[in-house]
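Work through the exercises below with the structure in view. Each task is followed by a solution in steps.

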Amino acid sequence: MSRTRWADHPLAQLTLVRFREFWREPEAIFWVFIFPVLLAAGLGLAFRNRPPDVLKIAAVTPELARSLRQEKLLDVEQLSAAAAEEALRTGKVALFAAPSPGGAVVYRYDDTNPEGRAARMLADQAVERAAGRADPVASSDRLMREPGSRYIDFLLPGLLGMNLMGSAIWGMGFAIVDARRKKLMKRLIATPMPRHYYLLSFVLARLLLLVVEVGVLLGFGAWVFQVPVRGSMLDLAVLCVLGSLAFSALGLLIASRAQTIEAASGLMNTVMMPMWIVSGVFFSAQRFPGALQPAIRALPLTAVIDALRAHMLQGASLAQVAPQLGVLGVWLLVSFTLALKLFRWR
Amino acid sequence: MSDAAPKAALCVCNLRKAYKDVVAVDGLELEVRWGECFGLLGPNGAGKTTTIEICEGLTAADSGDVEVLGMRWSADATELRQRLGIQLQETQLSEKLTVVETVRLFRSFFRRGPEADEVIALVQLGEKRKSRVGSLSGGQKQRLALACALVGDPEFLFLDEPTTGLDPQARRQLWDLIEQFKLAGRTILMTTHYMDEAERLCDRVAIMDHGKAIAAGTPRELIASIGAEHLVEFSAGGAARALDVSALRRIEGVREVRAENGNVRMQVTELHRAVPALLDELDRQGVPLTELRTHSASLEDVFVILTGRHLRDE
Ligand SMILES: Nc1ncnc2c1ncn2[C@@H]1O[C@H](COP(=O)(O)OP(=O)(O)OP(=O)(O)O)[C@@H](O)[C@H]1O
Ligand SMILES: [Mg+2]
């Protein structure tokens with residue numbers, strides 16, 4: 001056996017145990033590393049922004065066709081009147097334009113079809129402009145399509161926050177309650193093991209796994225969806241560490257007395273479920289009534305997610321997310337103090 | 001062990017512990033001398049585990065005094081933890097760790113002690129050192145638990161039912177280990193349900209019932225205290241009808257004789273006098289002896305006589 005000094009330190013041994021127990025539990029790896037990525041991939045694909053479709057229309061005369069081709073979003077085909085009618089009926093084109101006496105234009109389309117309505121607007125605009133209409137108000141477009149404002153950009157910080165909460169609370173809760181139930185904890189305190197090392201080993205293991213966890217999810221987001229991280233990496237690290245510590249303390253509190261896995265998982269779900277819903281993981285927490293907002297903002301998951309969004313998407317500094325950091329700090333202190341008071345080793 | 005300072009390795013004085021509805025330990029007195037193996041015997045619920053866990057500093061007593069290695073838990077807990085080896089009645093070590101990982105973990109808590117691999121070899125788990133704890137058999141798990149108790153090179157070993165649930169061979173392997181530890185001059189306090197185990201391993205035993213020690217001494221003393229030391233059984237074959245049982249009762253040292261279907265069972269105090277006299281008497285009566293067995297009275301018999309109950313319900 002290769003013996004190194006640091007590895008024989010009880011804290012190193014205890015932390016190694018945490019890692020081994022984690023790596024040797026395939027389900028845990030799935031839920032912590034793979035599930036959030038799958039979720040991000042699935043939702044990112046479902047809500048991806050498609051390039052605007054080009055609408056197919058037909059024109060019955062060459063002049064009309066020429067006018068209509070001025071509009072880039074229209075794909076214009078010149079057809080005979082009969083062929084155009086046929087193409088419209090079979091859905092090959094959304095609309096066709098035909099001349100009518102006196103230089104007027106007739107648009108034929110189905111007004112219950114959004115594509116038809118859109119084609120009508122675009123076609124009419126093109127025809128009027130070709131006929132010499134001047135727009136009295138100058139306008140230009142600035143498109144909302146750049147990274148940072150899509151749904152996936154909103155979603156990823158939410159998933160990251162949810163993951164920080166889940167892995168800390170589950171990781172802490174199950175391991176501690178399981179050790180208590182099996183009397184392993186009692187066996188450990190029958191040795192000279194310094195008790196705070198036991199708790200510290202959970203925190204250390206959590207922080208080390210955090211690097212992988214955050215790295216995998218953000219790396220995936222950056223690589224596949226170009227989700228930006230605009231704030232500094234150091235600030236991101238501080239945010240994630242503080243969030244994870246606050247949730248770990250909450251997990252410790254939940255696990256401080258529970259004697260069975262069932263009791264613990266009931267408690268954990270009771271604590272986490274409301275936050276999954278109201279803290280703005282998948283949709284903005286602003287959608288809940290104003291009266292609830294102060295309470296929602298006081299939740300640790302809301303604080304983490306709001307801070308992560310501000311940091312990643314707007315490049316906010318730690319000073320700009322100070323209220324959220326404050327909320328997390330209070331949760332950390334209160335949960336940890338209570339947990340130490342309530343904790344049972346057997 | 002230095003007899004200089006404290007006179008006993010463990011002193012338990014007027015110990016009391018009550019749970020909500022039961023008094024688990026009720027004014028217990030106990031003294032374990034340096035270098036001896038002391039056995040706590042008693043039926044289920046007698047208070048053995050409660051007693052041993054109070055001595056291990058894991059449970060707080062309601063009242064009474066406990067002194068281990070001349071120290072008290074209130075003052076010297078850290079030092080005591082370094083010097084005691086503990087095996088709990090029911091501990092499930094982490095199933096996902098291997099044997100060597102588990103022992104290294106426990107080793108890391110102690111200032112001194114043998115290398116993890118030495119202890120593993122000692123408990124004969126060398127072949128299993130890389131196996132997951134979850135895949136070990138019951139006997140192997142017990143030996144691993146013992147390894148975790150031995151890894152700090154303890155002066156005093158607490159074993160709570162170390163062989164319960166093991167097959168005879170695994171039990172004998174564990175006995176050998178405990179005997180080796182004893183030979184090194186260390187002190188042991190153990191609980192057990194098995195009388196043969198106590199008789200083989202323990203220098204002295206205490207029999208506990210309802211939280212009290214109802215008898216204490218060497219196994220021999222306890223057995224002697226009930227009067228009959230030996231049991232003699234023989235078959236008198238077809239000639240049983242002719243056997244004069246009252247003549248057997250008159251033999252010196254015979255306490256009681258019972259004859260059933262030609263099998264005779266006698267309680268005897270002095271085997272070396274009673275057996276020759278018995279043979280002479282049978283010879284005189286002309287009864288052919290087809291079978292003769294003797295066995296010593298056991299702690300089991302002691303317990304039955306003291307409490308009117310059996311140690312184990314079997
Ligand atoms: N944590 C507890 N809460 C309530 N009662 C308890 C507790 N621990 C033990 N007891 C009770 O105290 C009594 C003594 O229990 P203890 O475990 O000391 O017995 P034991 O002699 O070790 O029995 P066994 O041979 O079955 O291990 C029992 O009646 C038991 O029910
Ligand atoms: Mg017991």
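**Exercise 1: Helices H6 and H9 of chain A**

Helix H6 of chain A passes helix H9 of chain A in a right-handed crossing; a crossing is right-handed if the near helix is turned clockwise from the far one by less than a right angle, and left-handed if anticlockwise. The model is predicted: local features need pLDDT of at least 70 and side-chain atom pairs count only at pLDDT 80 or more, while totals for chains, interfaces and linings use all residues. Residues are numbered from 1 along each chain as its sequence is written, chains are lettered from A and ligands numbered from 1 in the order in which they are written, and side-chain values use heavy atoms, with hydrogens and water left out.

Task: describe how H6(A) and H9(A) pack.

Step 1. H9(A) covers residues 233-254; helices are DSSP runs (H or I, at least four residues), numbered from the N terminus.
Step 2. The two helices pack at an angle of about 35°, with their axes 8 Å apart. Axes are lines fitted to C-alpha atoms over the stretch in contact, and angles run from 0 to 180 degrees between N-to-C directions.
Step 3. Residues of H6(A) in contact (heavy atoms within 4.5 Å) with H9(A) include Gly161(A), Leu164(A) and Ile176(A). Among their partners in H9(A) are Cys240(A), Phe247(A) and Ile254(A).
Step 4. By class, this contact has 11 nonpolar, five polar and no charged residues. Ala, Val, Leu, Ile, Met, Phe, Trp, Tyr, Cys and Pro count as nonpolar, Asp, Glu, Lys and Arg as charged, and the others, Gly among them, as polar.

**Exercise 2: Helices H6 and H8 of chain A**

Task: find how H6(A) and H8(A) are oriented.

Step 1. The axes of H6(A) (residues 151-181) and H8(A) (residues 195-225) come within 10 Å and cross at roughly 155°.
Step 2. H6(A) is therefore roughly antiparallel (over 145 degrees) to H8(A).
Step 3. The crossing of H6(A) with H8(A) is right-handed, and the contact has 18 nonpolar, four polar and two charged residues.

**Exercise 3: A contact between chains**

Task: describe the packing of H1(A) on H3(B).

Step 1. H1(A) (residues 10-23) and H3(B) (residues 99-108) pack at about 150°, their axes 8 Å apart.
Step 2. This angle makes H1(A) roughly antiparallel to H3(B).
Step 3. H1(A) passes H3(B) in a left-handed crossing.
Step 4. Pro10(A) and Arg20(A) are among the residues of H1(A) that meet H3(B), where Glu101(B) and Ser108(B) are included. The contact has four nonpolar, two polar and three charged residues.

**Exercise 4: Domains**

Task: state how far apart the domain centres lie in chain A and in chain B.

Step 1. An automatic or database assignment gives chain A domain 1 (3-47 + 147-342) and domain 2 (55-130). Their C-alpha centres are separated by 56 Å.
Step 2. Chain B is divided into domain 1 (10-217) and domain 2 (227-296), with C-alpha centres 43 Å apart.

Terms used:
Angles under 35 degrees count as roughly parallel, over 145 as roughly antiparallel, 65 to 115 as roughly perpendicular and the rest as oblique.
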